[in-house]
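Please read them with the sequence and the structure open beside you.

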Amino acid sequence: MNLTSELNQIKNEVEKVAKDYGLNFFDTIFEIVDYDRMNEIASYGGFPTRYPHWKFGMEYEQLSKGYSYGLQKIYEMVINNNPCYAYLLESNELVDQKLVMAHVFGHSDFFKCNSWFDKTNRKAIDTMANHGSRIRSYIKKYGYDAVEDFLNYCLSIDNLIDPYTPFIKRRDEKKYKDDEPEKPVNKIESKDYMDSFINPMDFVEKQIKKNEEDKLKEKRFPEQKEKDVLLFILEYAPLEKWQQNILSMIREESYYFAPQAQTKIMNEGWASYWHSTIMTVNCLIDSEIIDYADHHSSTLGVYPGRINPYKLGLELFRDIEDRWNKGKFGKDYEECDDIRDLKNWDKNLGLGRQKIFEVRKIHNDITFIDTFLTKEFVSTQKMFTFKLDNYLNNYVIQDRDFKKIKETLLFNLTNLGQPFIYVIDGNYKNRGELYLKHRFEGIPLQKNYARDTLKNICKLWARPINLETVEENKDILISFDGNNFKESFIGLRK
Amino acid sequence: MVLKIEEDHNRFKNIVKGKIRKELKEYITHGEIFGKQGNDIVSIPIPQIELPHFKYDDKQMTGVGQGDGDIGTPIGRSADKQGSSGAGDSPGQHILEVEVSLYDLANMLGEELQLPKVQPKGKKNITELKDRYTSVRNVGPESLRNFKRTFQQALKRQVASGSYNKKNPLVIPERRDKRYKSWKTINKPETSAVIIYMMDVSGSMTDEQKNIVRIESFWIDTWLRSQYKEIESRYIIHDSEAKEVDRDSFYHTRESGGTKISSAYQVCLDIILKNYPFEEWNIYPFHFSDGDNWSKDDDATCIKLIKNNILKVCNMFCYGQVQGIYGAGNFKRVLDDNFNIEDNVITSEIVNKEAIYNSIKDFLGKGK
């Protein structure tokens, strides 16, 4: 349903205020939906025309149950698209709709202006619908079960992408080179009679060996380890045309959604910053204050065992604004050790607003936290790290140390919180087996999941799959040959 | 409007059902299910139905949180908080609770155990028609006039036509405002059944054994309920004396006396004769005991009661012997010596929880 005239008026009002603040967003189209439709759209990740798959049905089951038990309610959804689409819940109060619209304009500005979204498809709604109809046509042609099974395999590895790929050229396109002349041994220049001293035998041998290794490297496949496992499988697995097509669609969608995961804290923080600014400074009328405060505080509530991205993002943007307004940055400030001076530091620079606009343009969550999370912020926000206490079977507060908290936060954001998996060899043992490696960063893989995932990859690759990973301080290799698992010990870790 | 998600939602529900069916044996032998029983649905926890991914081991992850508390303060249990680590709101790994109707569950049980449909005792399988005054019509006799509805209609009409005067709120019904009570004809099934549960609560029956009885009777109930449109349950406990109790006391009473099984059979017979004329009812007595009867004499009394009275009125008579800490008694053998399956007496030995599965099959596999 389109906006009613009353809501349309509110929209125009909020939009004007947002523009006056300098927000720069796509045209934003609002649609009003009831809770059931909202749950449906949310289950499809915002795209009601997506391909059919039971995982969306599962999402729906959870959302609608959560709604009917009164545990959760989705107030709005925004789609990164040009024009930007936003869905409002029909049963929201007017003041909620106003808040939500202000929030939506924040998101829309972020989608348009944040650099990490530069390469995303701005016609995603059309693209997703095309994917949907193509997969439906495959279902007609090849049967529901075949397509569903294949989708299950693909979706099982949809996180094995390289989120930086859109910005970096990792490898050249394949070039077919002619035989090269044998590379001469790399000797240090010397007179004949000195040669055996300057280039002793073992040195020469080393150089010969190096040459051989280089040559071997060129034969290796892939030449360098490949982080985009999806791409590697897409290019080299023995798939039918329609299967390739599906896999490429899944990969495309993964890349489309990646920046949203990369900027969750910033994006929600930015939108919350603007809804609170627009509402409290401009748009609220007296009678709405209680409802606004209620809604706002429930969105920004914190729970001990979780970081609320709305809260963290909003507070951090406000902190940055305050610091740049008062000039609390730079050499002088950092080297000052008088606690009174620090507290009352105010150079009246007034650069805050300008700074946060700059931040929202160039940063993602990792650089955002890395650059702006300060010791003072962590302690005023009462942040801590927590860990499972195996004995109590309880999560307990582990530490309130700034460095530890920041490290943990950054670790959990790195690679979208997913383990690093690379393709090392696509022709392992010269038998066409796939060799994957988990780059160990201190946390092992969840094993039952890893095994099930290997099974699914094996269906795609059609040859045995090997995964090098770490367990209890040992390097191990888990192999799956299509029927059985085998684990072998590679070596102890130092 | 038909939602597109319906298709995917149904597909998901089918997958869930398939999963439950596959694991049904697990669910049968473990008691989680009936703890979460609603009216017609049960909630079943099924772990890990999501798509597998390479992911970090949740249990070893460190997370960041916000709030008060010293180091070491617990902030949540692990079962309900799995995967909550990670900045942002990555959805945790939930244990999914899915709701399945008892009817579906019974069907799965039937398929899994290959249970035959119950053949109700040789009676006409017709349903009786009955009238209930539950609806409203525009015409009818004045004696059935529904005053409230009539008044509402009149008020509605007057407000709509503008003839309603707030200062003089006089509402006058016209002919067309009048509403009358009316009946609907409903089918009342004639074949009805009663399950009479008897349990030995003497000192030798422990909580563990009662739990087995409880799980087993849940599944028996579920199955028979799917086979009859109406079903009643009665509960009898006994040690050396027997009495009828409600469902709750049935599972929770513990006596210390000895065991005289015939007392229970007598009470059971009394209940049947008093309330359930056997021409109209399908009657299922189930007796659970550890089989340690008081005396040989009482064994004989039991046999006599079953042979001469109970079997005459019942569809079948089921005895489940639950093995106790002192081992199992003798009573099952006594029954087996005197009756066989053709007599409609079914005995089953339930050694432990795992044996429930086969025991259910023993009892219900006959289709009586």
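**Notes on the two-chain model**

1. Leaving aside its neighbours within four places in sequence, A:Ala86 is in contact with A:Thr28, A:Phe30, A:Glu76, A:Met77, A:Val78 and A:Val104, where contact means that the C-beta atoms of two residues, placed from the backbone, lie within 7 Å. A:Ala86 is also listed, with A:Val14, A:Ala102, A:Phe105 and A:Trp274, among the residues with the most contacts inside the largest nonpolar core, which has 70 residues. Such a core is a set of buried Ala, Val, Leu, Ile, Met, Phe, Trp, Tyr and Cys residues joined through C-beta atoms within 7 Å; a residue is buried if 20 or more other C-beta atoms lie within 10 Å of its own, exposed if 12 or fewer, and partly exposed in between, with C-beta atoms placed from the backbone. This core draws at least three residues from each of domain 1 (5–114 + 263–296) and domain 4 (300–414) of chain A, the domain bounds coming from an automatic or database domain assignment. Apart from it lies another core, of 65 residues, including B:Met198, B:Ile306, B:Val345 and B:Ile360.

2. A word on the basis of these notes: this is a predicted model, in which local features need pLDDT of at least 70 and side-chain atom pairs count only at pLDDT 80 or more, while totals for chains, interfaces and linings use all residues. Residues are numbered from 1 along each chain as its sequence is written, and chains are lettered from A and ligands numbered from 1 in the order in which they are written.

3. The predictor gives the complex an ipTM of 0.86 and a pTM of 0.76. Chain B averages a pLDDT of 79, and 85% of its residues score at least 70, pLDDT being the predictor's confidence in each residue, from 0 to 100. Among the elements of chain B, strand S1 (residues 41–46) has the lowest mean pLDDT (72), and helix H4 (residues 147–161) has the highest (90). Over residues 79–93 of chain B the pLDDT is below 50, and beyond near neighbours in sequence this stretch has 37 contacts in the model.

4. To return to chain A, strand S2 (residues 76–79) is covered on both faces, with A:Glu76 and A:Val78 buried on one side and A:Met77 and A:Ile79 buried on the other. Helices (H or I, at least four residues) and strands (E, at least two) are DSSP runs, numbered from the N terminus. S2(A) is joined by 4 bridges to strand S3 (residues 84–89) of chain A, and the two run antiparallel; strands pair if DSSP finds at least two bridges between them. A:Val78 has A:Ala86 as its bridge partner in S3(A), and the two strands form a hairpin with 4 residues between them. A:Pro83 has its place in the loop between S2 and S3 of chain A, and the peptide bond from A:Asn82 to A:Pro83 is cis, with omega near 0°.

5. Which elements of chain B each supply at least two residues of the side that touches chain A? In all, 46 residues of chain B are in contact with 62 residues of chain A, and the elements are helix H1 (5–22), strand S2 (62–66) and strand S3 (74–77) of chain B. The largest share of this side, 7 residues, comes from H1(B). By class, the side of chain B that touches chain A has 15 nonpolar, 18 polar and 13 charged residues, where Ala, Val, Leu, Ile, Met, Phe, Trp, Tyr, Cys and Pro count as nonpolar, Asp, Glu, Lys and Arg as charged, and the others, Gly among them, as polar. Strand S4 (residues 383–389) of chain A is joined to S2(B) by 5 bridges, and the strands run antiparallel; B:Val64 in S2(B) is the bridge partner of A:Thr385.

6. B:Lys353 lies in the loop between strand S12 (345–350) and helix H10 (356–364) of chain B, and is partly exposed, with 16 other C-beta atoms within 10 Å. Leaving aside its neighbours within four places in sequence, B:Lys353 is in contact with B:Thr29 and B:Ile212.

7. A:Asn415 has a positive phi of about 50° although it is not a glycine, and counts as buried, with 20 C-beta neighbours inside 10 Å. A:Glu472 has a positive phi of about 45°, again without being a glycine, but is exposed, with 7 other C-beta atoms within 10 Å.
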